[in-house]
Amino acid sequence: MSSVMDGPVWLVQVSTDGAVRVNPAALGTLDAISPPLQVISIFGPRQTGKSHLLNCLAGRTGFTVSNDTSPKDPGIKMWCLPNPLDKKQTLILLDTEGFEEDWAVGEACCPIFILSVLLSSVFLYNTQGPITCEVLNKLLHVVALPNQVQLPSSDWPSESFLLSGVLPAFMWCVRDVALEMEIDGIELLPNDYLASILNEGRDDDESPTSMIQRLFPSQKLFNFCLTHGSGKDIEKLPHRQLSSCFMDQVEVLKTDLLRSEPKTFMDAAYISGKELRVMLEHFADNLTRNSVIWLNKEKEEIELMAQLSIGEMESPMDWDCFHTEAVVESPSSIPHQSLDPPPRVQDQPRKQPLLVRTSLGPVEMPAPVCLIENTKGNELKVNQEAVDILNATEQPVVVVAIVGLYRTGKSYLMNKLAAKQTGFSLGATIQSHTKGIWMWCVPHPCRDNCTLVLLDTEGLGDVEKGDQKNDSWIFALAVLLSSTLVYNSMGTINNQAVESLHYVTELTETIKVKSSGEVEDASAEFMRFFPSFVWAVRDFHLELFLDGKAISADEYLENSLKLKTGIGPKNALYNAPRECIRKYFPSRKCFVFDQPSSKEKIKKLEELRDDELDPGFVKQTRDFCSHILNHSQIKTINEGFKVTGRLLGNLTLTYVDAIRSGKVPCLESAVSALAQIENSAAVERALSLYRQQMKEKLSLPTETQKELSDVSEQCLQQALQLFMNRSFKDENNEYQRNLMVRVEGEYDLFCNENTALSQDRCTAVLIQLEDQQEEDDYLKPGGYRDYRDNLDNLIQQYKETPGKGTQAACVLEEYLKRKEDLGRNILMADHALTEQDRRIKEEEARVEMEKYKAEVARQQEEMLKQRLEDKDRAYRENEKQLREKMENDRRAALDEHNRILDRKLKEQKALIMEGFQDKASRMESEMKSLRRQVQQQSKGSSGWNCSIS
């Protein structure tokens, strides 16, 4: 009877940047396994025998037992076998690597620990040596678990007690020691002894010992003696040669494990391999994004995603007919992109999840989600689910937000922009229907590699809410987050309609430009950040005529924004909102809409087809959507830097956090905070790319240092390009210098590895070629000639052997140096040689040795010279790309200054034509400052700094 898998496969790998990658081949194996299944995971420090213990449970060798104590890439291997007690059940063994590294890789996220706990039905913690509270406290990972995995409920004082109903049994395997399990002379059973140890830490609720008791539903202890006297190569020994005591203890553990309850999740139902696969993908995605895993929400989504996945197998797993090859690749070889899964019993389609992220693309959203919640106390709160969606969107975003009084049909227009009949909620009563700000991300229909983000806001002026300040914050956030702002109103643009837009006059109170000090021209700074402005006038019933001439909707808007001449409080009140709109939103557009249908039909507007609506309204809606989709620009900050979905999410958090803390959102502070986040991420991504490309392109050891240098130069170019594209506002090139220092460190590591591998390779070649004759074999007349012939032959073969690397001469010199005494002894013992012959032979050997020393010195000098050239080339490449980036930034800043100056000039001209000479004159000082900035940018930046030391 064949087993499901010949050997283990890599299931999960955690990269250095914290990304959790799953192996598609392993997922394909899980898809074909029907319930029930028992999942046993093991976790613990290196060199404690984890893999060997799992092999003993499996009854044969599969997991690799390593004697290497060096750090490992965190990961999980999987081995699926039939349960020997019940062939209808599947036994899944999970072996982990990276106990020490797991804590650091995800900034206390501990992805390997969390996955091994959440996926298993029994969790084994494996340690070596005496059991103490101090040893158990090394399991710091358990302290981070409640922060990363939560199941909140108002009925319980702590999530920890709820999690205990979800998490697996905890079994501590103590290896290579005979525990004296007694207290005060009273001998205890293993589980009682463990309880006494755990109770020692009960005073500290946050200690690992306390958390283990609170989180895991049961705790057991298993003690194992030494496996074998020598302790070496135990994986090569048959079980009969292992300690009988150890094998008896393994059988006790094995019986307990195989009779344990199969894996369930959140209820009594046994899960299938397919459902375990969905859980793994979902958890891995959350851990990659460092998001909290809410198990109550995960259950619903996992069930729904599982239904969309491959169908359930109709009969239990046929172990005899199913077979897959073992995958023994290293974690780093797990592919980033999907591969075809291994053969299955049934060739069934892969699942299509509800949320799909294409390469660097948007998360496909079937419906909007709340981005900023407006709570009952009118307190704003960011929805983490929406931020997670934005974080998964690496594309630049076009952000269209709509604001306006409640019950004016805003949501209908946003649904049309999404090309959907329904989505954003439409209400048919006089109450405000949308609460807070809702978000819908869709692929942009007119721009490649771009995401359209639609923001529908809560209706302003809701009498039931009665909080004007809250409305001001909603309006300010819509302005700050969008690249196009649509203001939606009913009827006409009369004075009442303009006064209803009083929120625009409060922008200087709700938004600050600088964190400290006054700004010479705040309006110019606002223009850099503020969106274009579109006024949508609904149920418009007038004719577009002015002074007997037909006018456009844009001209109608501009006429409505004209200022009144004269002084006095009445005119000042009239002009205030108009001046603000003209000052802060120089790019303006207007659309008027007829009434869509009769009053009765409007109540069910989202259910009506276009042919049931007024033809004029349908055309106007299409024109509006066409303009928005074709003319709305990508959201930018800081002199044209394009905002991605991830940056938009960070912006949202920054602004809302400021509001919640009672502060005014500051544009300068927001950009600085984003720059730190983005530049730090850019350094890590660039460094990761350099490291990845070096591993892929290099075949160590290289024959020459130049070969390694040339590959490094290519990888550095790509890494720098990635950093330059992603970074912004890197003042004093702080992050760029950090990247270069770290790249140089990585290069040194590759050079050291290249040297070590070359030395190992050369040593292995010499050992293989070395004559096995002993010294005594040469102690005879003519023996020195035989010795020299064999040595010269070895040297010749050594030189002809390829692939030795850069240390070939150095290792050979060291070898010959070690042979000097042997050669001298053989020479002195060769009575076939005269004294003069011996002196000649000794001089020849000395000259030859000096020649090898000179060759080694020459090569080392060349390598040192190459390393210095490498540093110089890296400096020049960095300088080149930095110059290009600074030139691009200069041009972007110049374009932005010219754009603002042009709009200021147009506004100044309009004021002069309207008779406001004084206002136009006051704008002159603002424009002088802009002209100076344009002149400075036109001349180019000077005094910039580049360093890679």
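Lys 817 and Glu 813 sit four residues apart in helix α28 (residues 808-829), a spacing of about one turn of the helix; helices here are DSSP runs of H or I with at least four residues, numbered from the N terminus. The model is a predicted one, in which local features need pLDDT of at least 70 and side-chain atom pairs count only at pLDDT 80 or more, while totals for chains, interfaces and linings use all residues. Residues are numbered from 1 along each chain as its sequence is written, and side-chain values use heavy atoms, with hydrogens and water left out.

Between Lys 817 and Glu 813 there is a salt bridge, with the closest N and O atoms 3.8 Å apart; the term denotes a side-chain nitrogen of Lys or Arg within 4 Å of a carboxyl oxygen of Asp or Glu. Glu 813 is buried, at a relative accessible area of 8%, whereas Lys 817 is partly exposed at 36% relative accessibility. These classes follow set cut-offs: buried is under 20% relative accessible area, exposed is over 50%, and partly exposed falls in between (1.4 Å probe, protein chains only).

Helix α28 also carries Asp 821 and Arg 824, three residues apart and so separated by about one helical turn. Their salt bridge brings the closest N and O atoms to 2.9 Å. Asp 821 is partly exposed at 49% relative accessibility, and Arg 824 is likewise partly exposed, at 35%.

A further pair is found in helix α11 (residues 273-288), where Glu 281 and Arg 277 lie four residues apart, about one helical turn. Their side chains meet in a salt bridge of 3.0 Å, N to O. Arg 277 is buried at 2% relative accessibility, while Glu 281 is partly exposed at 23%. In total, the structure holds 24 salt bridges, and a network of them links Glu 394, Arg 646, Glu 678, Arg 685 and Arg 726.

Turning to the nonpolar side chains, the largest nonpolar core has 102 residues, and Met 439, Phe 475, Leu 507, Trp 535 and Phe 624 have the most contacts inside it. Helix α15 (residues 468-481) gives the most to this core, contributing nine residues. A nonpolar core is a set of buried Ala, Val, Leu, Ile, Met, Phe, Trp, Tyr and Cys residues joined through side-chain atoms within 4.5 Å. Beyond neighbours within four places in sequence, Leu 507 is in contact (heavy atoms within 4.5 Å) with Phe 475, Ala 476, Val 479, Phe 526, Phe 530, Tyr 584 and Phe 585. Apart from this core lies another, of 92 residues, including Ala 26, Tyr 125, Tyr 193 and Ile 212.

Notes. Helix = DSSP H or I, 4+ residues; strand = E, 2+ residues; numbered from the N terminus.
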